Amino acid sequence: LQPRLYRSKASMKNVDQQHNRAKNYVLDSKRPYLQGLGVTNAKGDVVKKHYGKFRQIANFVEIIDRDIGTFVTEAKDPISMLDLGCGKGYLTFATYDYIRSRAQVEPRARGIDIKTNVIDLCNNLAGNLNFTGLEFQNVRIQPKTPQDVDILIALHACDTATDDALALGLRSNMQYFFCAPCCQAEIAAQISTSNSDFDLVNRFALMKRRQADIITDVCRALLLQSFGYDVKFLEFTALEHTSKNVMLAGRRDASVDREKAYADYLQLKQSAGFSHHALEENTADLRANSAA
């Protein structure tokens with residue numbers, strides 16, 4: 001038999017494409033606030049250039065659905081939520097809408113940011129949607145002023161603003177938190193004189209910075225554990241959308257070994273060679289009072 005070559009048009013006719021099925025998001029793209037924020041059009045279809053933003057919002061809603069779903073449906077009192085550094089309010093609206101559609105009573109939610117233009121935009125949209133329990137304020141984070149907070153959100157608060165947000169949450173006895181740190185510079189500036197095995201990494205500038213980012217966030221996790229929170233790290237959005245895709249999330253848990261967590265923090269502090277951490281300093285009085 002002589003081999004023969006046949007040419008024909010490519011076809012997927014007999015190929016199983018089940019693995020290509022659309023992702024079944026918890027978030028419905030037809031939620032009105034998505035249109036108001038420009039993520040979807042009047043038909044509820046995701047605008048092509050904002051598909052990455054929609055995925056980020058949808059992934060976040062899946063995270064909170066898993067972590068606070070039971071808390072939301074069982075709560076008898078109004079749930080309070082605070083979004084620090086809310087920006088245009090994408091996740092503020094998403095979280096409020098999620099809680100409002102499932103809770104027994106109207107939640108109380110606030111987004112705060114120092115940019116006046118986005119605050120006005122968000123307040124107008126909240127009014128148009130009749131989101132009576134949601135408001136936005138043009139103020140700065142006040143880490144030492146307790147507030148009514150069950151659920152705290154702080155995504156991409158820059159450098160030690162993340163620590164200000166977490167300190168406020170701790171001072172307010174938050175039940176849950178979702179935090180995506182950004183631009184960690186505090187520890188990187190301190191570890192240049194470290195006399196430890198970390199110096200093997202610190203001699204390379206890029207690796208030193210990346211290591212400092214990791215140390216900064218692990219310290220945050222240990223300090224949060226030392227105040228009685230069960231803490232985890234997770235990726236909340238795809239890397240192609242943002243390189244800052246690591247989220248620190250947690251909830252109050254009486255079973256956490258606080259003393260061990262704080263001892264681990266002190267050990268890491270000594271090994272890495274830094275002298276101060278903003279979250280430790282912002283909560284020094286809380287630790288002193290708990291030890292008294």
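Contact here means heavy atoms within 4.5 Å. The model is predicted: local features need pLDDT of at least 70, side-chain atom pairs count only at pLDDT 80 or more, and totals for chains, interfaces and linings use all residues. Residues are numbered from 1 along each chain as its sequence is written, and side-chain values use heavy atoms, with hydrogens and water left out.

**Figure 1. K88 and its contacts.** K88 sits in the loop between β1 (80-84) and α3; helices (H or I, at least four residues) and strands (E, at least two) are DSSP runs, numbered from the N terminus. Leaving out residues up to four places away in sequence, K88 touches L37, F93, V118, L121 and C122. One of these, L121, is 33 residues from K88 along the chain, and the C-alpha atoms of the two are separated by 7.8 Å. K88 is partly exposed, at 30% relative accessibility; buried means under 20% relative accessible area, exposed over 50%, and partly exposed in between (1.4 Å probe, protein chains only).

**Figure 2. The whole protein chain.** The chain has 10 helices and seven strands. Of its 292 residues, 47% are buried. Among contacts with a separation of 6 or more, 73% are between residues 24 or more positions apart. The accessible surface is about 15800 Å², and carbon and sulfur atoms hold 49% of it. Accessible areas come from the Shrake-Rupley method with a 1.4 Å probe; for residues, only the protein chains shown count as cover.

**Figure 3. The salt bridge between D97 and R31.** A salt bridge is a side-chain nitrogen of Lys or Arg within 4 Å of a carboxyl oxygen of Asp or Glu. By this rule the structure has 14 salt bridges. In the one shown, the closest N and O atoms of D97 and R31 are 2.9 Å apart. The pair links distant parts of the chain, with D97 in helix α3 (residues 90-100) and R31 in the segment before α1 (32-36), 66 residues apart. D97 is buried at 8% relative accessibility, whereas R31 is partly exposed at 29%. Side chains of opposite charge can pair when their charged atoms come close.

Figure 4. R66 and D67 form a salt bridge in which the closest N and O atoms are 3.4 Å apart. R66 is exposed, with a relative accessible area of 54%, while D67 is buried, with 19%. A salt bridge also joins R251 and D230, at 3.8 Å from N to O. This second pair links distant parts of the chain: R251 belongs to strand β7 (residues 246-252) and D230 to strand β6 (residues 229-235), 21 residues apart. Both partners are partly exposed, R251 at 36% relative accessibility and D230 at 34%. Salt bridges that share partners join R66, D67 and K232 into one network.

**Figure 5. The largest nonpolar core.** A nonpolar core is a set of buried Ala, Val, Leu, Ile, Met, Phe, Trp, Tyr and Cys residues joined through side-chain atoms within 4.5 Å. The largest one has 45 residues, of which Y33, I57, F93, F178 and M247 touch the most other members. Two or more residues come from each of α1, α2 (51-74), α3, α4 (116-128), β3 (134-137), β4 (151-158), β5 (176-182) and β7. Helix α2 gives the largest share, nine residues. Not counting residues up to four places away in sequence, Y33 touches L27, I57, Y90, F93, A94, D97, L125, L129 and F131. Another core, of 34 residues, lies apart from the largest one and includes A165, I191, A221 and L222. In soluble globular proteins, nonpolar side chains tend to be buried together.

**Figure 6. A nonpolar surface patch.** F204, L206 and M207 make a nonpolar surface patch of about 310 Å². Patches are made of residues with over 30% relative accessible area and no salt bridge; like charges are joined within 9 Å, and nonpolar side chains (Val, Leu, Ile, Met, Phe, Trp, Tyr) within 5 Å. L206 lies in helix α7 (residues 205-226) and is exposed, with a relative accessible area of 52%.

**Figure 7. D150, buried without a salt bridge.** D150 lies in the loop between β3 and β4. The residue is buried yet has no salt bridge, and the nearest side chain of opposite charge, R108, is 5.8 Å away. Lys and Arg count as positive and Asp and Glu as negative; His and the chain ends are not counted. Apart from neighbours within four places in sequence, D150 contacts F71, P78, I79, S80, M174, Q175 and Y176.
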